[in-house]
Amino acid sequence: MCEDLTVGSPSAVEVKNSTADGKKYITSEELQKHNKANDLWISIQGKVYNVTEWAKIHPGGDIPLMNLAGQDVTDAFIAFHPGSAWQHLNKLFTGYHLKDYQVSEVSKDYRKLASEFAKAGMFEKKGHGVIYSLCFVSLLLSACVYGVLYSTSFWVHMMAGAVLGLAWMQIAYLGHDAGHYQMMATRGWNKFAGIFIGNCITGISIAWWKWTHNAHHIACNSLDYDPDLQHLPMLAVSNKLFNSLTSVFYGRQLTFDPLARFFVSYQHYSYYPIMCVARVNLYLQTLLLLISKRRIPDRGLNILGTLVFWTWFPLLVSCLPNWPERVAFVLVSFCVTGIQHVQFTLNHFAANVYVGPPTGNDWFEKQTNGTIDISCSSYMDWFFGGLQFQLEHHLFPRLPRCHLRSISPIVRELCKKHNLPYTSLSFYDANVTTLKTLRTAALQARDLTNPAPQNLLWEAFNTHG
């Protein structure tokens, strides 16, 4: 066994692990030692790479690499990178191969499927959805501005607010597309689109979105690694959060104090009201990131874009005749957009959860356990932005949304083959299941000191994860 695998002194390892085929090998146990920011190695298809310096400039941020440090990350690499990314790995190769590298049957099928999609050109065929969406959003924004400026009717103004909220929903889907794959003709235009429709039109930084969303995809439904499940003191999807876990993502404790216990105890009642104003939290998170000392790609452009939003939006609101209408307009727009926040939480809140870091050798399994699809007719695809196929999106995040419905039966069959869950619920049933999950945790929070028998019975039937 290798005793010393530091970056600066690999010679002893080379001697101990060299074989007759001329290759140098290390074991998975030895690879796991390289899991720190200043010594970060990963394996892809059995070849070991030193990504210590690369993590500092990695387009997807350092968190995905840190979360999977010291592991084989082949499936995650395939999911997030185009074929052209493989050529950049050679300069990071340590010279070592993974001695005990193995591929599970699930991973073999997953990689085969990804290869077939790539050969069919599905990752490049984006359809005309972007053009249609941009035209639709332009129409909605124009209708909103017209309603505010050229009508004196209170109800027209409220309708304009609702239309603005609907436009923000559609823009969020476009921003999501731009963040996951190149939806525009060039990378430069794609970056411009992300900042324009994200920062300028919605006020939510595309840099913040990438920072949190990449971490969410890598650590799907990990209570201490996935920021999309870390909503204390307001919400808790599992009683495991009552242990005041430390958020690896935020680098702080998720304290479950008396205030959090109070809010969580009533979260099945407060869930929808919270979703109605959840946008305020996104504005706050954007501000906190942009003023932080954290390395942020294109910080200046993100700040400029956010300032554009906080110029046009207050000006539009100020054109309304009085303060009651202005407040109502903002609330209506937020409430409509809150539907999207509900959509996002339905995909994960009621799915299985776990504590601890993600692992690279069960990529497919983690995605199937941590996601819930929303079943709907094809004519409603525009409303969900393709994200009703949440598992399909998590498995193939670079796949344009126009293909997600067509691959759904294939993914379902693959899950069936390997006896893995494929959960698909109607919008109504997903809401009911999510509320049951929140209610279960709420009752557990109330009964930490003196559990009632009837509540224990409820918990026995509804506890998940």
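1. Let's start in a loop. Asn 419 sits in the stretch between α18 (404-417) and β9 (424-426). Keep in mind that this is a predicted model. The phi angle of Asn 419 is near 55°, which is a positive value in a residue that isn't glycine. Is Asn 419 buried or exposed? Asn 419 is exposed, and its relative accessible area is 72%.

2. Now set Ser 244 beside it. Here too phi is near 55°, again positive in a residue other than glycine. Ser 244 belongs to the loop between α9 and β6. With 17% relative accessibility, Ser 244 counts as buried, because the cut-off for that word is under 20%.

3. Which kind of peptide bond leads from Leu 232 into Pro 233? That bond is cis, with omega near 15°.

4. Next, the aromatic rings. There are 33 aromatic pairs in the model. One of them joins Tyr 283 and Phe 334: the centres are 6.1 Å apart, the planes make an angle of 55°, and the pair counts as tilted. Tyr 283 is part of helix α12 (residues 278-290), while Phe 334 is part of helix α14 (residues 323-346), so this pair ties together parts that are 51 residues apart in sequence. Both Tyr 283 and Phe 334 are buried.

5. The rings of both pairs belong to one aromatic cluster, made up of Trp 168, Tyr 283, Phe 309, Trp 310, Trp 312, Phe 313 and Phe 334.

6. Lys 24 lies over the face of Tyr 96, 5.2 Å from the ring centre. Arg 446 has its charged end over the ring of Tyr 266, at 4.8 Å from the centre of that ring.

7. Then there's the inside. In soluble globular proteins, nonpolar side chains tend to be buried together. The largest nonpolar core in this model has 44 residues, and those with the most contacts inside it are Cys 144, Trp 168, Met 183, Trp 208, Phe 313 and Phe 329. Which elements give two or more residues to this core? They are α6 (129-149), α7 (154-180), α8 (187-202), α9, α12, α13 (299-318) and α14. Of these, α7 gives the most, with nine residues.

8. If you leave aside its neighbours within four places in sequence, Cys 144 is in contact with Ala 160, Val 163, Leu 164, Leu 316 and Phe 329. A separate core of 39 residues lies apart from the largest one, and Val 51, Leu 89, Ile 218 and Trp 363 are among its members.

9. Last, a word on annotation. An unreviewed UniProt entry places the feature "domain: Cytochrome b5 heme-binding" at residues 23-107. In the model, the end C-alpha atoms of residues 23-107 are 25 Å apart, and the span is 22% helix and 25% strand.

Technical notes:
Residues numbered from 1 in each chain as written. Predicted model: local features only at pLDDT ≥ 70, side-chain atom pairs only at ≥ 80, totals over all residues. Heavy atoms only, no water. Helix = DSSP H or I, 4+ residues; strand = E, 2+ residues; numbered from the N terminus. Buried < 20%, exposed > 50% of the residue type's maximum accessible area, 1.4 Å probe, protein only. Phe/Tyr/Trp six-rings, centres within 6.5 Å; stacked < 30°, edge-to-face > 60°. Lys NZ or Arg CZ within 6 Å of the ring centre and 35° of its normal. UniProt positions renumbered as here; feature names shortened; annotations may be inferred. Core = buried A, V, L, I, M, F, W, Y, C linked by side-chain atoms within 4.5 Å. Contact = heavy atoms within 4.5 Å.
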